[in-house]
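Take a look at this model first.

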Amino acid sequence: MTTWVTGAEGSGYGLAHLPYGVISHAGGHRELAVRIGDQALSLARLHDLGLLDGVLLHATPVFDTGSLDGLLARGPQAWSALRQRLQAILVDRDVADMAGEALLPLAEVATHLAWTVADYVDFYSSENHATNVGHIFRPDGEALPPNWKHLPIGYHGRAGTVVVSGTDVVRPNGQRKPGPEAPVFGPSRRLDVEVEVGFVVGMPSVQGSAVPTSAFREHVFGVVLLNDWSARDIQAWEYVPLGPFLAKSFATSVSAWVTPLEALTAARIAPPAQDPAPLPYLIDADPWALDLSLSLELSRGDASAVISRPPFAQMYWTPGQQLAHLTVNGASLRTGDLFASGTVSGPGIDQRGSLLELSWGGREPLTVEGLGEVNFLEDGDTVTIRGEALATDGSRLSLGHVVGTIRPAP
Ligand code: MN
C-alpha cells in the first residue's frame with residue numbers, strides 16, 4: 001500500500017506514521033492536521049469535504065476546534081478508527097483530487113501547541129543519567145539514592161509553560177549561590193537542556209483508583225519529543241528538600257507533532273532487567289520499552305553539530321511503570337496530561353542527554369568542531385532534539401523534532 005502523496009514514503013512521515021498537530025494557514029484559524037511527507041493534511045478540511053463522515057459520532061468538536069483535545073478525549077477505539085480512515089483516504093487514488101484540497105505545504109503553515117496541557121509530571125528514569133548526576137553533585141556519596149531502584153522518581157512540573165517547538169526560550173533570572181558567600185540574583189549562568197520523551201494522556205481516570213501497567217494503551221494517546229530546559233545553578237541552590245522548582249518551570253518545549261502510540265508498535269522492545277524486582281503494582285505481565293534513537297544538536301553562530309545520541313531503549317523504568325506509579329495513590333489522570341521520561345542518557349560519553357553530563361558539571365568542557373568549547377548554553381544558541389524509530393512498514397519514522405533558541409534574560 002502506497003500513498004498518492006508525492007514524496008511521503010521515505011521521508012520519515014509516510015503512511016505508517018501520521019502524527020497529529022495543529023496548524024494555521026496564512027494567518028487563518030487553527031486546524032487539526034496530520035503530517036504526511038512535507039505537507040499537512042487538514043482534518044477540518046477533510047471533514048468539510050465529507051471524507052470523514054461516519055468515522056466518529058458527533059465529530060464536530062473533534063475536527064473543528066483547532067485542537068487535538070477533542071480526539072484525545074475519545075479513547076483508543078476512536079483513535080484507531082480515525083487512523084484507519086486517514087490511511088484509507090491516503091491510498092485511494094479515486095479521492096486524491098478531492099482530498100488534495102485539504103493538503104497544505106508545511107512551508108506555508110504555522111504550527112501551534114497541539115493540545116491543552118493539563119498536568120505535567122517529569123520522571124528521572126535513566127539509570128545512566130541518575131548515576132552521572134549523582135557522581136557530579138555527590139562525588140563522595142552513593143550515586144543512586146536508596147529509593148531509585150524501587151520507584152520511578154518524579155516531580156510535578158508547570159503545565160502552563162509548556163511551549164511548542166520553535167518558541168524562543170528566555171534565559172531565566174533567579175537565585176544562585178556560586179560559593180560560600182551569600183546567594184546572588186541574576187541570569188542563570190548554567191542553562192542546560194534535557195533530552196526527553198513525553199507521553200500525552202487521552203483518557204482520564206477516576207480519582208481514588210489506580211491505573212495498572214496493563215491499561216497503558218487505554219489511557220495514553222501518543223508521544224512527543226521534549227526538552228526540559230534546566231537552570232543548573234538555580235536548581236543546585238533551591239532543590240533541597242522539595243526538588244526542582246524555578247530551575248525548570250520557566251519553559252518546557254515539546255514537538256509540534258504528536259506520534260500516536262499505534263505508529264510505534266514495531267518499535268516496542270523488551271526493557272532492561274530490573275534488580276531488585278519492583279513491588280507488584282510496578283510489574284507488567286507484558287513489559288515493553290520503546291527503541292527510539294534520539295539526537296541532540298547544538299547550533300552556535302553559523303555552526304551546528306550533533307553532540308549526543310541518547311538511546312531511549314535503555315531506560316530503566318518503562319512508560320507503563322511510570323503511569324502506574326503516578327496513579328497508584330489514587331491521583332487521577334486528566335485528558336491532556338503530559339508525563340516525561342526524565343533525561344535520556346546511555347552509557348557512552350556521546351550518549352549523555354544534558355550539557356551537565358556532557359561537560360561533567362562544567363569541569364570538562366566539550367570541544368566541538370566549529371563550535372569551540374561547550375559548557376552550558378549561551379544567548380543565541382539553538383538546540384534541536386530529533387528522534388527516529390522503526391515504523392510498522394519497516395521504514396524509519398521521524399518523531400517531530402523539538403527546537404528552541406535562547407534569548408537573553410530580561
Ligand atoms: Mn527532566
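Q: What does Pro319 touch, leaving out residues up to four places away in sequence?
A: In this predicted model, Pro319 touches Phe199, Phe216, Trp288 and Phe339. Contact here needs heavy atoms within 4.5 Å.

Q: Why is Pro319 called buried?
A: Buried means under 20% relative accessible area. Pro319 has 4%, so Pro319 is called buried. Pro319 is found in helix α9.

Q: How far is Pro319 from Ala289, C-alpha to C-alpha?
A: The two C-alpha atoms are separated by 7.2 Å. Along the chain, Pro319 and Ala289 are 30 residues apart.

Q: Which residues line the second largest cavity?
A: Pro319 and Ala289 are both in that lining.

Q: How does the lining of the second largest cavity divide into nonpolar, polar and charged?
A: Seven residues are nonpolar, one is polar and none is charged.

Q: What is known of the largest cavity and its volume?
A: The largest cavity has a volume of about 60 Å³. Of its 14 lining residues, the closest to the centre are Gly12, Tyr13, Gly14, Ser395 and Arg396. The lining divides into five nonpolar, six polar and three charged residues.

Q: What is Glu108 in contact with, leaving aside neighbours within four places in sequence?
A: Glu108 is in contact with Ser24, His25 and Ala26. Glu108 and Gly21 are 87 residues apart in sequence and 15 Å apart in space, C-alpha to C-alpha.

Q: How do you know which residues coordinate the manganese ion?
A: A donor must be an N, O or S atom within 2.8 Å of the metal. Asp122 (OD), Glu194 (OE), Glu196 (OE) and Asp228 (OD) lie at 2.1 to 2.2 Å, so these residues count as coordinating. The donors follow the spacing D-x71-E-x1-E-x31-D along the chain.

Q: Why does the pair Glu196 and Asp228 tie together separate parts of the sequence?
A: Glu196 lies in strand β13 (residues 195-201), and Asp228 in the loop between β14 (220-227) and β15 (230-231), so the pair joins parts 32 residues apart in sequence. Both Glu196 and Asp228 are buried.

Q: What makes a set of residues a nonpolar core?
A: The members are buried nonpolar residues joined through side-chain atoms within 4.5 Å. The largest such core has 58 residues. Those with the most contacts inside it include Phe199, Leu290, Phe312 and Phe339. A second, separate core of 49 residues includes Leu51, Ala99, Trp115 and Val200.

Q: What does Phe339 touch, not counting residues up to four places away in sequence?
A: Among them are Val121, Phe123, Phe199, Phe216, Pro319 and Leu326.

Q: What volume does the largest pocket have, and which residues are closest to its centre?
A: The volume is about 500 Å³. Of 25 lining residues, the closest to the centre are Tyr124, Ile153, Gln235, Tyr239 and Pro244. The lining divides into 12 nonpolar, six polar and seven charged residues.

Q: Which element gives the most to the lining of the second largest pocket?
A: Strand β7 does, with three residues. This pocket has a volume of about 340 Å³. Of its 19 lining residues, the closest to the centre are Val121, His156, His325, Leu326 and Ala331.

Q: Which residues of α6 are buried, and what do they pack against?
A: His129, Ala130, Asn132, Val133, Gly134 and Ile136 are buried. The buried residues of α6 pack against α10 (355-358).

Conventions
Residues numbered from 1 in each chain as written. Predicted model: local features only at pLDDT ≥ 70, side-chain atom pairs only at ≥ 80, totals over all residues. Heavy atoms only, no water. Donors = N, O, S within 2.8 Å, 3.2 Å for Na, K, Ca; no water. Helix = DSSP H or I, 4+ residues; strand = E, 2+ residues; numbered from the N terminus. Buried < 20%, exposed > 50% of the residue type's maximum accessible area, 1.4 Å probe, protein only. 1 Å grid on protein atoms, 1.4 Å probe; cavity = no way out; pocket = protein on both sides within 12 Å on 5 of 7 lines; lining within 4 Å. Points joined across faces, edges and corners; volume = space filled by probe spheres on them. Nonpolar A, V, L, I, M, F, W, Y, C, P; charged D, E, K, R; others polar.
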